[in-house]
Amino acid sequence: MSDRVLIVDFGSQVTQLIARRVRESGVYCEIHPFNKVDAASLAAFRPKGIILSGGPASVTLAESPRAHPAVFEMGVPVLGICYGQQTMCAQLGGQVDEHEHREFGRAFLDVTADCELFHGVWNVGAREQVWMSHGDRVVALPPGFRVVGTSDGAPFAAIADDARRFYGVQFHPEVVHTPHGAQLLRNFTHRVAGCSGDWTMAAFREQEIAKVRAQVGKGRVICGLSGGVDSSVVAALLHEAIGDQLTCVFVDTGFMRAGEADQVVSVFRDRFNIRLVHRDASDLFLAKLAGVTEPERKRKIIGATFIDVFEEEAKAAGGADFLAQGTLYPDVIESVSFIGGPSVTIKSHHNVGGLPERMNMKLVEPLRELFKDEVRALGRELGLPEEMVGRHPFPGPGLAIRIPGQELTRDKLDILRKADAIYLEEIRNAGLYDAIWQAFAVLLPVRTVGVMGDARSYDYACALRAVTSTDGMTADFYPFPHDFLGRVANRIINEVKGINRVTFDITSKPPGTIEWE
């Protein structure tokens, strides 16, 4: 087993970034809510180091979260970040107070002494940019600690107990606004905690294949294949693990992008030789959605119809003992957030919490320990084509929610599919596809007058959307040059019968969302 680091979560909105940075340095880690960590769980997890996250609470309040005492008693290094530093100091005999001088955003830390955390990164006497977000601050150190960095708002901005290998920082090294933060975290995991950094996708692949084989035994597994990154990687990994014990069901709703349905069948049936059931249910979905324009009703009808069709095909294929799902680590974290604690459950994800009881199958979730970028890396490791692994996110209802405020018809879907394909082709030709989080066309519920070939036209307007983002939670529009947009608009109007006007959406998220519905 690879070396492991435990991140104790106190509710920070950027706790996941700590895990991302640690994993990027080749060290496996997990995030556990503070109130799920005790002596028994620590002994079972066997971390080589522990990181205490930030959080919104105040250590000065009696009912605020605390780290379990076993964290400081098991003899492994501990790094406290922001609230994590404060609770460590308070619990070990120091003092934390509210202070009128708060620090939010960019700040500067003066390096006053050397320590293992700074080795090869920061030198004594340097003034380094960091990112702060705190009101309370440490005002007295516990026995054994010394100050190694100060800021205008935090006299103990970085502290070290060299003997116990305990470190605390008031700033957030996990965010990009602390330029050397990833190196500091690497020093903690590799230099202080002694992690080897041998956690790779190749190692994960072998480890997960062994786990799947142990869980499934001689049972049969069914996997819903959508053509998206997550389900595609799940299918490829499971097929490598259990071969013909796996059956994939691809429900073609008719709402996929141009060529994607054919690609799914070609890659998985022809290239990987996976047992694949392909059900073209586009007529059924369109019939169910006849007359429906309200977006939530669309989503619910599509979701319910998908489950019905999937279940029907699963039974026809002979049933199974297990259902494979593409649950990812962020889904798991959000779903197990401590109720009533410092953070709230962001969403109850559809992939977490078990199956509809009527399906009577156990879950196989081989990606539940991975972040999205790690899933893409695993897909490459498994030999999936880059155009599938690197594909932009695509909503479950597909093109159905990119025809807002109007009834869905096959003609409208075909118009949108052609416009979208031209847009994405031009983005790829310009070498911009990987610089953009998500790009797509929207067929608007608006018809406009135009002049085409000296004749009056009265056709649909189309909107183009392209955003940059790191996690989809916030986003900004991609600043295409005007000549690029002009070229795309010209191609769409000339090549797609039914569109005579093209617009570009420059709304950020928030206040807008990435999708239109």
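Contact here means heavy atoms within 4.5 Å. Helices (H or I, at least four residues) and strands (E, at least two) are DSSP runs, numbered from the N terminus. The structure is a predicted model, in which local features need pLDDT of at least 70 and side-chain atom pairs count only at pLDDT 80 or more, while totals for chains, interfaces and linings use all residues. Residues are numbered from 1 along each chain as its sequence is written, and side-chain values use heavy atoms, with hydrogens and water left out.

**View 1. Packing of helix α5 against helix α11.** Two packed helices are described by the angle between their axes and the distance between the axes. Axes are lines fitted to C-alpha atoms, for helices over the stretch in contact, and angles run from 0 to 180 degrees between N-to-C directions. Helix α11 (residues 372-381) packs with α5 at an angle of about 80 degrees, the axes being 9 Å apart. The two helices α5 and α11 are therefore roughly perpendicular to each other (angles under 35 degrees count as roughly parallel, over 145 as roughly antiparallel, 65 to 115 as roughly perpendicular and the rest as oblique). From α5, the residues Met201, Ala202, Phe204 and Arg205 meet Glu374, Ala377, Leu378 and Glu381 of α11. This contact of α5 with α11 comprises five nonpolar, no polar and three charged residues (Ala, Val, Leu, Ile, Met, Phe, Trp, Tyr, Cys and Pro count as nonpolar, Asp, Glu, Lys and Arg as charged, and the others, Gly among them, as polar).

**View 2. Crossing of helices α5 and α6.** The axes of α5 (residues 201-216) and α6 (residues 229-242) come within 9 Å and cross at roughly 65 degrees. That makes α5 roughly perpendicular to α6. The crossing of α5 and α6 is right-handed (a crossing is left-handed if the near helix is turned anticlockwise from the far one by less than a right angle, and right-handed if clockwise). Arg205, Glu208, Ile209, Val212, Arg213 and Val216 of α5 meet Leu237, Leu238, Glu240, Ala241 and Ile242 of α6. By class, seven nonpolar, no polar and four charged residues make up the contact of α5 with α6.

View 3. A nonpolar core is a set of buried Ala, Val, Leu, Ile, Met, Phe, Trp, Tyr and Cys residues joined through side-chain atoms within 4.5 Å; buried means under 20% relative accessible area, exposed over 50%, and partly exposed in between (1.4 Å probe, protein chains only). The largest such core has 46 residues, and those with the most contacts inside it are Phe255, Tyr423, Ile427, Ile436, Phe480, Ile492 and Ile499. At least two residues of this core come from each of β13 (246-252), α8 (282-288), α9 (295-316), α13 (410-429), β17 (438-452), β18 (455-468) and α14 (482-495). Helix α13 supplies the largest share of this core, eight residues. A second, separate core of 43 residues includes Tyr28, Val212, Phe268 and Leu328.

**View 4. Surroundings of phenylalanine 480.** Not counting residues up to four places away in sequence, phenylalanine 480 touches Tyr423, Ile427, Leu432, Ile436, Ala466, Leu485 and Phe504.

**View 5. Helix α1 and threonine 189.** Thr15, Ile18, Ala19, Arg21, Val22 and Arg23 are buried in helix α1 (residues 15-24). Threonine 189 lies in helix α4 (residues 181-192) and counts as buried, at 1% relative accessibility. Leaving aside neighbours within four places in sequence, threonine 189 is in contact with Val5, Val22, Ser25, Val27, Gly194 and Cys195.

**View 6. Positive phi in two loops.** Most residues other than glycine have a negative phi, and most peptide bonds are trans. Arginine 46, in the loop between α2 (39-45) and β3 (49-52), has a positive phi of about 55 degrees although it is not a glycine. Arginine 46 is exposed, with a relative accessible area of 57%. Asparagine 273, in the loop between α7 (260-271) and β14 (276-280), has a positive phi near 60 degrees. Asparagine 273 counts as exposed at 58% relative accessibility.

**View 7. The segment after β20.** Threonine 507 is placed in the segment after β20 and counts as partly exposed, at 34% relative accessibility. Threonine 507 and aspartate 476 are 31 residues apart in sequence and 7.1 Å apart in space, C-alpha to C-alpha. Proline 510 is found in the segment after β20 (499-504), and a cis peptide bond with omega of about -15 degrees joins lysine 509 to proline 510. The peptide bond from proline 510 to proline 511 is cis, with omega near 10 degrees.
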